[in-house]
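Below is a set of questions and answers on a predicted model.

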Amino acid sequence: MGSPRVAKSLPLQVAAVCYRKRGDEVEFLLVNTNGGNKWTFPKGQPETRLSHSQSAEMEAAEEAGAIGTIEPRHFHLYIHSKGVFWQPGGVQEFVVKAFLMEVNQLQRPDEPNRRPTWFSPEEARQRLAKGREVKYAHELESVIDRAMERIQVHSALWGNYAASRNGRAAAHS
């Protein structure tokens, strides 16, 4: 027999997991939440006229002033919450599609009080977890972990590709 539990679908949001490389180090760009007491990734509702990655890219520009290259496919899904149980409306959960975005340039964000700030991976994990229920803190920490895995794979692949191109160029000289 099937489970008596009824599956409910959660509303969707999209997030830009913004990063930059400084030598061998990686840093993540986080923004303050609307309430200002927590850190998060730039995220929001997907726009109907845009793809999900384009919507995430737009959120990065609006909330963090981040301009860069975003991957067309999400690399991770996570559960996020808004609100608190003791206020009207309570806690609302969302499923968030996370898109990796390498930032090339920062400009003034459209949304004031977001305070975009760069953090090391470990500091980003700590900032994202602070003030959140354990369940949601672990969700956000896993985004950093998955992003680091993906960035390292990209770096290894790009390094091999660049080395092979340089080798062929030298052979043809």
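**Salt bridges and a pocket**

Arg150 has a relative accessible area of 34% and is partly exposed.

Q: With which residue do the side chains of Arg150 meet in a salt bridge?
A: In this predicted model, a salt bridge needs a side-chain nitrogen of Lys or Arg within 4 Å of a carboxyl oxygen of Asp or Glu. For Arg150 the N to O distance is 2.8 Å, and the partner is Glu71.

Q: How many residues apart in sequence are the parts that Glu71 and Arg150 tie together?
A: Arg150 belongs to helix H3, while Glu71 sits in the loop between S5 and strand S6 (76–82). The pair therefore ties together parts whose separation in sequence is 79 residues.

Q: Is Glu71 buried or exposed?
A: Buried means under 20% relative accessible area. Glu71 has 12% relative accessibility, so Glu71 counts as buried.

Q: Which helix does Asp145 reach through its salt bridge with Arg125?
A: The side chains of Asp145 and Arg125 meet at 3.0 Å, N to O. Asp145 lies in helix H3, so the pair ties this helix to the one holding Arg125, helix H2 (residues 121–129).

Q: Which element gives the largest share of the lining of the second largest pocket?
A: The second largest pocket is lined by 12 residues, with Glu71 and His154 among those nearest its centre. Strands S1 (12–22), S5 (66–70) and S7 (92–106) and helix H3 (134–171) each give two or more residues to this lining. The largest share is four residues, and it comes from H3.

Terms used:
Residues are numbered from 1 along each chain as its sequence is written. This is a predicted model: local features need pLDDT of at least 70, side-chain atom pairs count only at pLDDT 80 or more; totals for chains, interfaces and linings use all residues. Side-chain values use heavy atoms; hydrogens and water are left out. On a 1 Å grid over the protein atoms alone, a cavity is a set of points where a 1.4 Å probe fits but cannot get out, and a pocket is an open set with protein on both sides within 12 Å along at least five of seven lines; lining residues have an atom within 4 Å of a point. Buried means under 20% relative accessible area, exposed over 50%, partly exposed in between (1.4 Å probe, protein chains only).
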